[in-house]
Amino acid sequence: NSQRETIYKERNRVLEGANIHNEVIDMIHELAKNAVYSTIDENLPYDEWDLSAINASLNNRILPENYNFITEELVDELDEEEVADLVAQEAIKLYEEKCVELKKLGVNHLDIERNILLRVVDSLWMDHIDFMEMLRNEIGLRAYGNHDPVIAYKQESSEIFERMVEKIREETALFLLNFKVNINLQRAPVQPAVKVSELATN
């Protein structure tokens with residue numbers, strides 16, 4: 001019930017039209033940095049990093065296809081944190097440019113951000129409810145192993161909820177970085193009809 005209240009409070013805030021753009025920027029920043037951390041071996045000096053592997057983890061996901069942002073010149077004498085910050089800044093810059101282009105096309109990026117966040121929340125929350133039901137059924141068996149099932153349920157459900165929230169942030173950022181816009185131009189001299197395509201994250 002506590003988790004449900006938390007999710008629905010946030011969901012209602014978004015439904016009521018809250019501006020979540022700054023939150024989205026935070027999500028992108030976090031996603032980009034984590035992508036770098038997951039690829040760079042912090043125990044190796046910068047001149048031993050596998051730059052191709054780092055670019056592969058970023059291209060067509062955090063950054064555009066074949067972007068290859070990471071170069072020897074870029075990482076020269078930098079540490080893992082500094083490289084992660086540069087990648088995050090680049091991802092945010094490209095996303096802000098996308099928002100400007102959407103505005104020129106008459107598309108409100110704030111509406112897109114809210115709609116995608118709501119879609120992700122609804123999907124992952126339903127999965128979470130199903131998993132919690134399975135956990136409740138399984139946790140009862142632990143009473144036979146000298147475990148307090150109530151305490152175990154609270155601890156594990158809390159950890160699972162935190163992971164779900166992290167996944168909401170990650171998937172929302174990924175969708176927003178990668179969605180495409182289709183423009184259908186009419187032959188008649190009218191304004192182009194613009195629609196957001198299905199979430200294409202490749």
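What relative accessible area does Arg169 have, and does that make the residue buried or partly exposed?

Reply: The model is a predicted one, in which local features need pLDDT of at least 70 and side-chain atom pairs count only at pLDDT 80 or more, whereas totals for chains, interfaces and linings use all residues. Residues are numbered from 1 along each chain as its sequence is written, and side-chain values use heavy atoms, with hydrogens and water left out.

Arg169 has a relative accessible area of 24% and is therefore partly exposed, the category between buried (under 20%) and exposed (over 50%), with a 1.4 Å probe and protein chains only. Its side chain meets that of Glu30 in a salt bridge with an N to O distance of 3.3 Å, the term meaning a side-chain nitrogen of Lys or Arg within 4 Å of a carboxyl oxygen of Asp or Glu. Because Arg169 sits in helix H7 (residues 149–178) and Glu30 in helix H2 (residues 21–37), this pair ties together parts that are 139 residues apart in sequence; helices here are DSSP runs of H or I with at least four residues, and strands are E runs of at least two, numbered from the N terminus. Glu30, at 34% relative accessibility, also counts as partly exposed.

Lys33 lies in helix H2 and Glu81 in helix H5, so the pair ties together parts that are 48 residues apart in sequence. Lys33 counts as buried at 11% relative accessibility, whereas Glu81 counts as partly exposed at 37%. A further salt bridge joins the side chains of Lys33 and Asp85, at 3.0 Å from N to O, and this pair links helix H2 with helix H5 across 52 residues. Asp85 is partly exposed, with a relative accessible area of 24%.

Glu80, which lies in helix H5 (residues 80–104), is buried yet has no salt bridge, and the nearest side chain of opposite charge, Lys33, is 9.6 Å away. Leaving aside neighbours within four places in sequence, Glu80 is in contact (heavy atoms within 4.5 Å) with Val36, Tyr37, Ile40, Glu42 and Trp49.

Of its 202 residues, 35% count as buried.

Notes: Lys, Arg positive; Asp, Glu negative; His and termini not counted.
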